[in-house]
Each structure stands twice: as structure tokens, then as C-alpha cells.
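Dear colleague,

Please find the structure below, together with the notes I promised on what was found in it.

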Amino acid sequence: MKRLLSGLAAIAFALAAPLPAHADRTPDDLRELSRTLRVHIGSAVDATALAGEADYRRVLNQEFNHVTAENAMKWETVEPQRGAYDWEAADAVVENARRNRQQVRGHTLVWHNQLPAWLIEGVDSGAIDARELRKILRSHIMTEVGRYRGKIRAWDVVNEVVDDTGKLRDSIWLKHLGPGYIADAFRWAHQADPRARLYINDYNLEWDAKKIETTLGIVKDLKAKRVPIHGIGFQGHLGIQYDYPGDFAGVMRRFTDLGMEAAITEADVRMVMPATAEKLATQADYYQRMLSTCVANKRCVEFTVWGFTDRHSWVPDWFEGEGAANIMDENLAHKPAYDALLAVRRK
Ligand code: G3I
């Protein structure tokens, strides 16, 4: 009896004792890290690779609990001919996400790039006037958001609407519809899926003072008008040849102090090739600092990488001589950046 009692006491003590050191154990993968940090960890998805590469599919679904279609939901993909929709690739990304318990960021509804030729040509020739253009934009947003209603956690409603001088970008939207197109887009998206979190998303917003001030102004204006905007997306396209944006945490705080949710939506860290051990170590540090910045801000809910493997990356096509921007190499082997992410902890 005595022995039984002391055994029970030992069990009771063990249960009451603080959690053992396993809280500090390195997570097995990014999904486990995401649970520990309570931040969604996502990747952009290349729909062609998803369909055709079993190893890509396996790693994507094992590691990530959040996904963004890299190109599959963009206007030129979903409506290549006017009124003729092609949802095949977008549906495949969303269906794969459902089967693998991944939440989805919709990308993107209003952008100046990757618009279908019929739209650009129609506007250029005058065949599509401003009135019609507004109707087309409304219909695009209502149709796409409506199709995935309830299946998308967050939408990039407007993407890159501020240019590199800090002015509203001189896109066909601004030129023909005026600045009110931004509020319209958010209102229409909200109508089509009232539960989706609606984001404004941009690059260089981690450090570009002019862009930061203009974007803060847009957010304040929309909020004052009670436009349904909920989130700020920092794309996070960095390069190790530039300094790390040292005030990123402060910039994020300026937005979240306005009540905005935040996300790092397209993180990657490129380098001038060839890659060396030293460059990969710097890259790892940049990735780690970006994720830590998100984790340190209670309102930052998502950290998404713009692809997870150097096998599929936009970087070499866009920056001559640069590459190796992702957390895994072409063979899906972990790079130092992958391990650096696994080492991030909530303070
Ligand atoms: O669709 C054609 C295909 O038919 C053709 O065979 C192939 C040959 O190169 O080109 C295909 O189109 C390419 C498309 O990606 C799909 O692969 C385009 O040329 C290429 O320009 C396009 O690049 C995408 C880029 O956005 C376009 O602006 C990148 O993959 C994509 O990663 C990139 O993503 C953007 C985000 O949406 C917004 N933020 C910046 C980020 C990086 O630029």
C-alpha cells in the first residue's frame, strides 16, 4: 500500500511538474513548427509540378499547412478568353489543399500583371470603355471569389498597387477607373465571401519608406470608409546582396497597430550565383529573421515561401545570374535555410 501511494505521488508530481524540455526539441518538419509557433507556414504551389512530380507533391503536402497558387488563380489563367473560364489548375490546388488539410491564400484578384490579352487589347483599342471595365472587374472578382467561397482563408485582393516612387501605380485600373477601384475591389470580394480575410499585398514593403507611407495612407483611408480590409501582405522577396531590412518588425507593427492582420506572403532570398556555403548561411539568417519577425507580432498569422525548391523558382528568369532562393535545393534536400526556420521559437 505504502509503495502504491508513493507511486501515485510520483505520478502526481510528474503531472504537476512543468513541461519537460521537449518543448525545446527541434520540430520534425515545418508542419510541426507551425503548430509550435501558432503561425501558418505555407508555400506557393506550381500547379504543373503539383500535377506531374510525385516528390514535389509529397514534400509540399508533408511540410506545409497553407498554400498559395503561384500562377493558377491569376486572371490570364482563369479567363484566357473573355467569358471562357479555365479553373482546372486552380481547382487542383484547392482540392489538393482540402485533401491535405492546408488552408489557402487566393492570389490575386486585381493586379497589373498577367492580365489576359483580350482585356489589355480591348482597353487599349477603346473597345472596352471605363464603364464596361468596371463591370468586367466586378464580375471577375464575384466569379472567382464566389467559386471558392468558404475554401479560401485569405485573398490578395489588390496586389502591388503602389509603384516604386510611392505613387498609386499607373495601371489600367487607376487610369480608367480612378483610385476608387481599390475600395470597390474589397467590397465586391467581401460580398462574394464574407468570411475570407481580405489583404493588400506588396513587395519592398518591408523597407521602402515611400511605399510604406502610401500604403499606410491607403489602409487608413479604407478603414475610415469602413471598407472591409483585414490584412497586410509583405511579399518578402529579399536578396543577400542587400542589407536585411532591419526595421521590418517596426514597419509591420505600424500596420498591425491599425488593427490589421499581417502575413509574409512570398518569402524568398536570392543570391548572385554560384551559391557558396557562406552565401547559404546568410540566406538562412535572412529567412530566420523574417519568420522571427512574424512570430514576434501577435497579429502576424502566416509565413509563406514563394516556392520551396530551387527546382521551381521565378528568380533565375527575372534576375540574370541570380538564383538558389528557396529553402530546398533542386533535389529537395534541405538547405541551411530550412534548418534555420526549424530553429525559430516563440519568445
Ligand atoms: O504560361 C506560359 C506558358 O504557356 C509557357 O510555356 C511558359 C514558358 O516560359 O511561360 C508561361 O508563363 C510564365 C508564367 O510565369 C507561368 O509559368 C510567364 O512567362 C512568367 O512571366 C510567369 O512568371 C510569374 C510572375 O509572377 C509573373 O509576373 C512567376 O511564375 C511567379 O512566381 C510570379 O509571382 C509574382 C507574384 O504573383 C506577385 N509578387 C511577385 C512574384 C514574383 O514575380
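Tyr 56, Phe 64 and Phe 308 are linked into a cluster by ring pairs, where rings of Phe, Tyr and Trp (its six-membered ring) count as a pair if their centres lie within 6.5 Å, and where planes under 30 degrees apart are called stacked, those over 60 edge-to-face and the rest tilted. Before going further, please note that this is a predicted model, in which local features need pLDDT of at least 70 and side-chain atom pairs count only at pLDDT 80 or more, while totals for chains, interfaces and linings use all residues. Residues are numbered from 1 along each chain as its sequence is written, and side-chain values use heavy atoms, with hydrogens and water left out.

A search of the whole structure gives ten aromatic pairs. One of them is stacked, because the rings of Trp 75 and Trp 173 have their centres 5.7 Å apart and their planes at 5°. This pair connects distant parts of the chain, since Trp 75 belongs to helix α5 (residues 75–78) and Trp 173 to helix α9 (residues 172–177), 98 residues apart; helices (H or I, at least four residues) and strands (E, at least two) are DSSP runs numbered from the N terminus. Both Trp 75 and Trp 173 are buried, a word that stands for under 20% relative accessible area, with exposed meaning over 50% and partly exposed in between (1.4 Å probe, protein chains only).

Two rings also have a charge over them, which requires NZ of Lys or CZ of Arg within 6 Å of the ring centre and within 35 degrees of the ring normal. The charged end of Lys 211 sits over the ring of Tyr 203, at 3.5 Å from its centre, and Arg 270 lies over the face of Phe 319, 3.8 Å from the ring centre.

Turning to the ligand, 15 residues are around it, and Glu 70, Lys 74, His 107, Glu 266 and Trp 306 come nearest; a residue is near a molecule or strand if one of its heavy atoms lies within 4 Å of it.

Cys 294 and Cys 300 are both buried.

Two further side chains reach backbone oxygens. Arg 345, in the segment after α15 (336–342), counts as partly exposed at 22% relative accessibility; its side chain reaches the backbone oxygen of Arg 25 at 3.5 Å, and a polar atom of that side chain lies 2.9 Å from the backbone oxygen of Leu 342. His 140 is placed in helix α8 (residues 130–147) and, at 2% relative accessibility, counts as buried, while its side chain reaches the backbone oxygen of Leu 109 at 3.3 Å.

Finally, some backbone details. Most residues other than glycine have a negative phi, and most peptide bonds are trans. The peptide bond from His 107 to Thr 108 is cis, with omega near -10°, and Thr 108 is in strand β3 (residues 103–110). Another cis peptide bond joins Met 273 and Pro 274, with omega about 5°, and Pro 274 lies in the loop between β8 (261–272) and α13 (277–296). Arg 101, although not a glycine, has a positive phi of about 50°; it is found in the loop between α6 (88–99) and β3 and, at 66% relative accessibility, counts as exposed. Leu 332 has a positive phi too, near 70°, but this residue is buried, with a relative accessible area of 11%, and lies in the loop between β10 (322–323) and α15.

Methods. Polar contact = N/O pair within 3.5 Å; in protein donor to acceptor, adjacent residues only side chain to side chain.
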